[in-house]
Amino acid sequence: MSSLAVRKAAPAAGTTPGTAQGPPLRRRIAFVPTVTLLIGAIYCLLPVAWVVIAATKSGSELFSTFTFLPGTGFTENIRDLNAYRDGVYWKWMGNSALYAGLGALLSTVVSAFSGYALAIYRFRGRETVFNILLAGVLMPPVILAIPQYLLMAKADLTDSYASVLLPLVLSPYGVYLARIYSAAAVPADVVEAGRMDGASELRIFTRIALPMMVPGLVTVFLFQFVAVWNNFLLPYIMLSDDEKFPITLGLFTLLEQGSNTPALYTLVITGALLAVVPLVALFLVIQRFWSLDLLSGAVKS
Amino acid sequence: MTSARRRSYGVKGAPYAHPSPTTTLDRARSAPYFFLLPATILFALFFALPIGYAIWLSLHKVQVKGLGLGSGARKEVWAGLENYTDSLTDPELLAGALRVLGYGAIVVPVMLGLALLFALMLDADRVRLAPVTRLAIFLPYAIPGVVAAMLWGFLYLPDVSPFYFVLDRLGMPQPDLLDGGPLYIALSNIAVWGGTGFNMIVIYTALQAIPAEVYEAAKLDGATPLQTAIRIKIPMVAPSLVLTFFFSIIATLQVFSEPTTLKPLTNSVSTTWSPLMKVYQDAFRKGDIHSAAATAVIIALVTLVLSFGFLRAANSRTKQEAAR
């Protein structure tokens, strides 16, 4: 990122002295790009701004006052949400945190092991293994979800935390990213030097390679965290006990009931706002750690 | 840890049958299999087994004897391709496929067009507010599809929407966004809103990787920023456009949660609006898992054929360009 800033700044600075044919000062800001980006940003923030304001409205204000006029019912809405079915909402939030946190962690570990093996070792069947794993990306989730449900039912595991957690641990996309990242971050001669010193392969991986892979693994973790947090289909199919619902499914059932009783709209809206907050916060804090260069690196290979 | 590793070596090492201590080479030979073990087990349990089971189901049907009461009255018998022919001739599935095609024809070009446009603008010289706007446009990626559909769903409802308020004040007609043709736009908008930022970042990252010398040459030739964008930047980020296109198509074919979420808000989203919704409906509401499995397999095959076909075409295209 910073290298770009340098690259961009250099020619601009070079042109400054020769302003004879240069643009007048007013045109220093590139208007078209700036305005285009602003319009894009407004479009993307609009629903978020709406939900923030709508969550402050009481049930009657929601339908009677202008949309972007803040209401007076925010604390009341929160209280209602807390009271709804003995605070089941927070149970959903906790479940989502569990599914996404633990799921992403396990997924990152599995991806790290597999990606490292696929990047560092030359062995028979390497490309086959990799291609089979990649084909997993293309599988529409519902294709997997139906037989997964039926198989889970045979194992008596439906409607359990495991039924939502386990199928998402292997992420083909995570393996793919981890492979690319370890190929780029772990030099072969470092691994070879470790072997010369008599370290075991596992020790080389955990002590030498893993620390080098951390930035890439953070990306894998975040991708997977978002993927699990946003997942709807799998819990929708697997779970029936709403004590185990993640927030997406919980809000959906709330909306389904709310379609008949508009009084529940304020609950849905307040719930949607609070559901968005943790992920947005996570993003704002962590976005600097994302190495999305990984993706364009992936494209080139 | 170490003992666990040794044990697994014992198993893996058996074919080699070396009584002597394992050499570095041997260790390096069996290590990748050990590292891949968790992924392999998970793949077998949660990918291979379900896919195999889905295929098995798709080739069978339930035969009911008599009244279908008592054990053994219902048994699964070989159905051959019957479920497949039923699926393929089902007008509702075809209609759903056409709906998703129409939806995809809006989503993919608009989303990627916007993503490319925003990425180029971020990369432009002397642009202001780039970091803030970049973050704002990327933000929807953090919002679950279900929640995004809810937010927009409310914004489409005349009672609470600011758009209708404005239209009302201006005395303009107020279209029903959740019905007929506008429904496609309403649904597409949710996908475009959620996906543009991510694709923009992918393309933008590729733009940043273009070496500065390339621009120097363009500058010497007196190219305008627009010419630079069209002649240099877009061709150079073509591979990431291919990648984003590829993922967008797969995501579009699998659309499920957005229309499902809008369903409580309108009657015009049927329970079988998209093919995947029909699969869900058949399997879990009608309890006909066999025909649902056949439909699911068909969708998977179409996805695979489309994506590999596309990757192939993109690859040969890139090679041609490289050859020139």
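Q: What does UniProt place at residues 97-310 of chain B?
A: The UniProt record, an unreviewed entry, places "domain: ABC transmembrane type-1" there. Such annotations may be inferred rather than shown by experiment. This is a predicted model: local features need pLDDT of at least 70, side-chain atom pairs count only at pLDDT 80 or more, and totals for chains, interfaces and linings use all residues. Residues are numbered from 1 along each chain as its sequence is written, with chains lettered from A and ligands numbered from 1 in the order in which they are written.

Q: How much of residues 97-310 of chain B is helix, and how much strand?
A: The span is 76% helix and 0% strand. Helices are DSSP runs of H or I with at least four residues, and strands are runs of E with at least two.

Q: Why is H10(A) called oblique to H11(A)?
A: Helix H10 (residues 188-196) and helix H11 (residues 201-230) of chain A pack at about 135°. Under 35 degrees is roughly parallel, over 145 roughly antiparallel, 65 to 115 roughly perpendicular, and the rest oblique. The angle of about 135° therefore makes H10(A) oblique to H11(A).

Q: Which residues of H10(A) meet H11(A)?
A: A:Val190, A:Val191, A:Gly194 and A:Arg195 do, against A:Ile204, A:Ile208 and A:Ala209 in H11(A). Contact means C-beta atoms, placed from the backbone, within 7 Å.

Terms used: Axes fitted to C-alpha atoms, helices over the stretch in contact; angles between N-to-C directions. Contact = placed C-beta atoms within 7 Å.
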